[in-house]
Amino acid sequence: MRSPKWRGLLREPASAEDLVSRGHGLLGTSPETGGMGCIGCHDWGENKSLGEHGPQLVSIGARLRYDWYVRWMRDPSRILSGTSMPNYFSSAPPDKAAATINVLWAAFEQGDKLPTPVGFDLKAGPAGSERRPTPTDEAIVMRVDMPEASPAPIAVGMPGGVSYCFDTVSCRVRYAWRGEFLDASPTVLRKTEPGTKWSSVATILGEIFYRSDNFPLWVGTFDAVPECDYRGYRIIDGYPEFHYRLDGVDVHERIEGAPDGKTFARRFRLPDIQQPMWFVIEEPAGVGVTSTLGPARGGRLDIPQSRDVEFTVTVGIEGVER
Amino acid sequence: MKRLLGLLVLAAFASISLAQVPASSYRVENVATPRGIAPEVSAVTFGKDGLLYATFRQGYIYAYNPKSGQWRRFASGLHLPLGIIAGEEGVFFVAQIPELTRVADTDGDGEADVYEAISDDWGMSGNYHEFVGGPIRDAEGNFYIGLGVSSPNAEPRLPIRGELTDRGRIAKNPVKGNVNTIRFYSPTSYRGCVVKISASGKFSPFACGVRQPNGLGFDAQGEIFAADNQGGWVGTSPLHHITEGAFHGHPASLNWDP
């Protein structure tokens, strides 16, 4: 330990309890204490940072000289070009910057005697945050890494509480769930699970009630799954309508969740069908499917060869009125 | 969480003669980022409407009105957008992790309603490092983007997109006999290449041998340059002059040598 007397030559002593307390508040993420979110990138003792991994903070006070620390804080890139440490004081008046830097130092001087900064328990996004959005009157479309899907899926959360995963690689709904939408924190904060190091997926906040393992729409033949070409989506009345081509046939599919959160309707629109097409119904345990195409024959719905064909397939929990 | 102030630096270039004092040729402004959005600005451009459009890591595009100082949301739900260029009014071309996308406001309400896939004809293995650099667009309307290679810290997460190979992933040390993983690899199609996408969406590899080309640009003659990122096999960040068919030195993309 260096002598406080020596440090006193360089600055006013920062030993007052309120300085420590204020510094503690700045290190964390709480808006009430003006948290600067240092722990977003730095570990504090055993507590792992929320995202990037900058140097351990708990030992800063013991490890750094005060004057070097001040120069670092005032302009990190002057000392280490290309550092990811932000310059928090580039537009602050010098006296204000110096005061904040001293307050933080007061906390750093406490080392492991300082209570753990607030915010390490916030790894999950708070409901309604950008990482954990809540659908209100419109669907939320979010392209994010998802479980049980290719790396290019689209998560859609709908009013009423039904959400689904549309996979752009296979042009189909992979699964749907009921409850809350999702928490993208693992992908944002790169939370790592064994075997998925640096390759994380969002957390689904509900119960998956529908899974589809097969492609539902067939074109011309049952010998081969049609080649799919995802073309994008547009938002119509608050819900996305996907556009894809199956063996060159344009398909538009808009999915709407029921307000009771128990069914969702897949509304298909095919501008021009010149060959036989079928929709193959999959009814996993506990799921019921109805359609506007009339009764299914052998699990298949015949799609009329025509222009401007529209039909709806409604998927829901078995026994629910659709 | 208290909003951290992320700062955008705006450089407004005036057309000046060399005789003028350089200090008057631009000004620097600090712009606070939108409230409630993590200040992770990933790309900026000016739209035809004179507003500044910024993409944010968590999938947003916000428009900033320099006159009023107000931000408003233009688009959301993008998967790590890292590049944006402006088209006609209300239209932007965005490089997001899975796709080159035309994002458009077609009903004029100031918010995008169309997210059209111009191309997604390259591979993805679910690896966090598969960033996409660019886009840039030449005089003929062709787009160019750069496809980053995959980090050795993750294996492909099935099902992947594109063709899958394990070439270049593991190697046996001929002396010690042990098997080890190789730093930064290209498990799926065209990772480690700069690719060309025509205005109609036709995809073709253009040049390979890059690692993580974060920034692409043209010089005054229309030649393409890419700033590559230091890391496995790349000792320090080079600026590559990208020419059609060239190989720029990083071995991972040799899997997809066109």
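Three strands of chain B make an open sheet in the order S17-S18-S19, with antiparallel pairing. Strands here (E, at least two residues) and helices (H or I, at least four) are DSSP runs numbered from the N terminus, and two strands count as paired if DSSP finds at least two bridges between them. Keep in mind that this is a predicted model: local features need pLDDT of at least 70, side-chain atom pairs count only at pLDDT 80 or more, and totals for chains, interfaces and linings use all residues. As for labels, residues are numbered from 1 along each chain as its sequence is written, while chains are lettered from A and ligands numbered from 1 in the order in which they are written.

**The chain B sheet**
- The edges are S17 (215–218) and S19 (239–242) of chain B, each pairing on one side only.
- Neighbouring strands in this sheet are turned by 25 degrees against each other on average, direction ignored; axes are lines fitted to C-alpha atoms, for helices over the stretch in contact, and angles run from 0 to 180 degrees between N-to-C directions.
- Strand S18 (224–227) of chain B pairs with S19(B) in the antiparallel sense over 4 bridges.
- Opposite Ala227(B) you'll find Leu239(B), in S19(B).

**Chain A overall**
- Chain A has 7 helices and 14 strands.
- Its domain 1 covers 4–113 and domain 2 covers 140–317, with bounds from an automatic or database domain assignment.
- The C-alpha centres of domain 1 and domain 2 of chain A sit 49 Å apart.
- Of the 322 residues in chain A, 36% count as buried (20 or more other C-beta atoms within 10 Å of a residue's own; 12 or fewer is exposed, in between is partly exposed, and C-beta atoms are placed from the backbone).

**A helix pair in chain A**
- Helix H2 (17–27) and helix H6 (94–110) of chain A have axes that come within 7 Å and cross at roughly 95 degrees.
- H2(A) and H6(A) are therefore roughly perpendicular (65 to 115 degrees; under 35 is roughly parallel, over 145 roughly antiparallel, and the rest oblique).
- Residues of H2(A) in this contact include Leu19(A), Val20(A) and Arg22(A), and those of H6(A) include Val103(A) and Leu104(A); contact requires C-beta atoms, placed from the backbone, to lie within 7 Å.
- By class, the contact of H2(A) with H6(A) has 8 nonpolar, 3 polar and 1 charged residues (Ala, Val, Leu, Ile, Met, Phe, Trp, Tyr, Cys and Pro are nonpolar; Asp, Glu, Lys and Arg are charged; the others, Gly among them, are polar).

**Where chains A and B meet**
- The contact takes 30 residues from chain A and 32 from chain B.
- On the chain A side, S7(A) gives the largest share, 6 residues.
- That side of chain A has 12 nonpolar, 10 polar and 8 charged residues.
- S7(A) also pairs with strand S10 (114–119) of chain B in the antiparallel sense, over 3 bridges.
- Tyr233(A) has Tyr115(B) as its bridge partner in S10(B).

- The peptide bond from Gly134(B) to Pro135(B) is cis, with omega near 5 degrees, and Pro135(B) lies in strand S11 (132–137) of chain B.
- Leu158(B) and Pro159(B) are also joined by a cis peptide bond, with omega about -5 degrees.
- Leu80(B), a residue other than glycine, has a positive phi near 45 degrees; Leu80(B) is buried, with 24 other C-beta atoms within 10 Å.
- Tyr190(B) has a positive phi near 70 degrees and is buried, with 23 other C-beta atoms within 10 Å.

Definitions and conventions: Contact = placed C-beta atoms within 7 Å.
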